[in-house]
Amino acid sequence: MEVYEIFRRSGHKNPFEHCGAVIAPDPEMALLLGKECFLRRREGEHLWAVRRSDIHALEDESVLEIAADKSYRFASDYRDVVDKREAARRRVASMSWGGAS
Amino acid sequence: MKEALVSLVTALADDELIIGHRHSEWTGFAPHIEEDVAFSSIAQDEIGHAAAYYSLIAEVTGTSPDHMALGREPFEYRNAVFCERLNRDWSYSLVRHWLYDTADDVRLAALQESADASLAALATKMRREERYHLLHANAWIKRVSEGPVEGRTRLIDALGMCYAEALALFDILEFEDSILENNLLPCSSSELRGRFSMRATSELDDFGLPADVHRDLDDSAEFLASSSGDLIASEKDASSASARPGIGGRAGMHSDEFKALWDEMTSTHRLHPEAQW
């Protein structure tokens, strides 16, 4: 018997999401049991079973930590661009390009 | 016509209700938690199918589905004795589950051709759900039959107890002549039994399980419809040693195992017949 992680998809445009695990002797049985355990109320329209031993996990989670300031990698850091652009447009509009006065 | 429809649908409904009840007794006791959930869910499906059949009867007769399920006397139930047997052990329940759902598939395929449109539509709907039951039963039988010798031996023992009794799912129904005349069923119960036993023996053969454990069965003990529509035992006494075991359910004759099940299943309803669920 092995542990199978069960993933389900709630709609064909949605990603598969992890919903639990079953212990089963093989993939076919894992799907049959996973269906009853996690989809019997029609919570999804598709099902995956993945042998847990086939999942490769990071050995050291600390590599995910970010040491220095990486704010430039986040969209939120560029929120003031809209204001800056508006200010620039206003500046351009108010400029005089010569002509009669 | 009306009594023929009620006779046919009552037999179908009672089979589903009683086997569903037996399946549900595994809740909390199945070999592992995943199977506990799966088998309990199958039990609920079968009882749900019974409810759908009882509603069909209620439309014709005006009785309530609750009364049909829980308000009758034991001799009024028409399920095959096969469905009411105690669970014994997991292998017995598995083999019964496999035989029952294989038989049910044969029966539902025929019912899809019924002249009664609502019965035919219901059969089509149920057969979709029954597909999972068959997959589940086949998956289990395949694995246990290919596994260690103990499991295989237990399957063979259970087949010895179950196979002949499963044939009684296709014993003649009350008002069978009228059922056939009105095309409620496209072919006779014994024709369906032939289809079932051909399919079951061939699939058991694929599993490498002995399908001929009961080849020497005496098939002459049958219940025949008398002119009054009652069923009478023909040829041989049903209790004689040579008779096929487990017959009589379609005529309301049940085992002591059924009496105990009925006592438990109907106890709340008998205490509070007016209760609404």
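Student: Which residues of chain A form a nonpolar patch on the surface, and how much accessible area do they have together?

Tutor: In this predicted model, local features need pLDDT of at least 70, side-chain atom pairs count only at pLDDT 80 or more, and totals for chains, interfaces and linings use all residues; side-chain values use heavy atoms, with hydrogens and water left out. Residues are numbered from 1 along each chain as its sequence is written, while chains are lettered from A and ligands numbered from 1 in the order in which they are written. A patch is made of residues with over 30% relative accessible area and no salt bridge, like charges being joined within 9 Å and nonpolar side chains (Val, Leu, Ile, Met, Phe, Trp, Tyr) within 5 Å. Accessible areas come from the Shrake-Rupley method with a 1.4 Å probe, and for residues only the protein chains shown count as cover. Here the patch consists of A:L58, A:V63 and A:L64, with about 310 Å² of accessible area together.

Student: Is A:L58 buried or exposed, and where is A:L58 found?

Tutor: Buried means under 20% relative accessible area, exposed over 50%, and partly exposed in between (1.4 Å probe, protein chains only). A:L58 is exposed because its relative accessible area is 51%. Helices (H or I, at least four residues) and strands (E, at least two) are DSSP runs, numbered from the N terminus. A:L58 is found in the loop between β3 (46-51) and α2 (81-94) of chain A.

Student: How is the interface of chain A and chain B to be read, and how much area do the two chains bury between them?

Tutor: The size of an interface is often given as the accessible area lost when the parts come together. Buried area is accordingly the accessible area (1.4 Å probe) that two parts lose on being put together, summed over both. Chain A and chain B bury about 1,100 Å² between them, with 67% of that area on carbon and sulfur atoms. On the side of chain A, the residues A:M29, A:L32 and A:E36 supply 44% of the area buried against chain B, more than any other three residues. Contact means heavy atoms within 4.5 Å, and 14 residues of chain A are in contact with 12 residues of chain B.

Student: How many residue pairs are in polar contact across this interface, and what does A:E36 touch?

Tutor: A polar contact is a pair of N or O atoms within 3.5 Å; within protein, one must be able to donate a hydrogen and the other to accept it, and residues adjacent in sequence count only if both atoms are side-chain atoms. Five residue pairs across the interface are in polar contact, both residues being at pLDDT 80 or more. The largest share of the side of chain A that touches chain B, seven residues, comes from α1(A). A:E36 belongs to that helix, α1 (residues 27-38), and is buried because its relative accessible area is 1%. Its side chain makes a polar contact of 2.3 Å with that of B:S41 and one of 2.7 Å with that of A:K35. Leaving aside neighbours within four places in sequence, A:E36 is in contact with B:V37, B:A38, B:S41 and B:Y132.

Student: How many salt bridges does the rule find across the interface?

Tutor: A salt bridge is a side-chain nitrogen of Lys or Arg within 4 Å of a carboxyl oxygen of Asp or Glu. The rule finds two across the interface of chain A and chain B, and a salt bridge of 2.7 Å (N to O) joins the side chains of A:E28 and B:R143. Over all chains the count is 30.

Student: Which parts of chain B do B:E257 and B:R88 tie together?

Tutor: The side chains of B:E257 and B:R88 meet in a salt bridge of 3.3 Å, N to O. B:E257 lies in helix α10 (residues 256-271) and B:R88 in the loop between α4 (81-84) and α5 (90-111), so the pair ties together parts that are 169 residues apart in sequence. B:E257 counts as buried because its relative accessibility is 16%, whereas B:R88, at 45%, counts as partly exposed.
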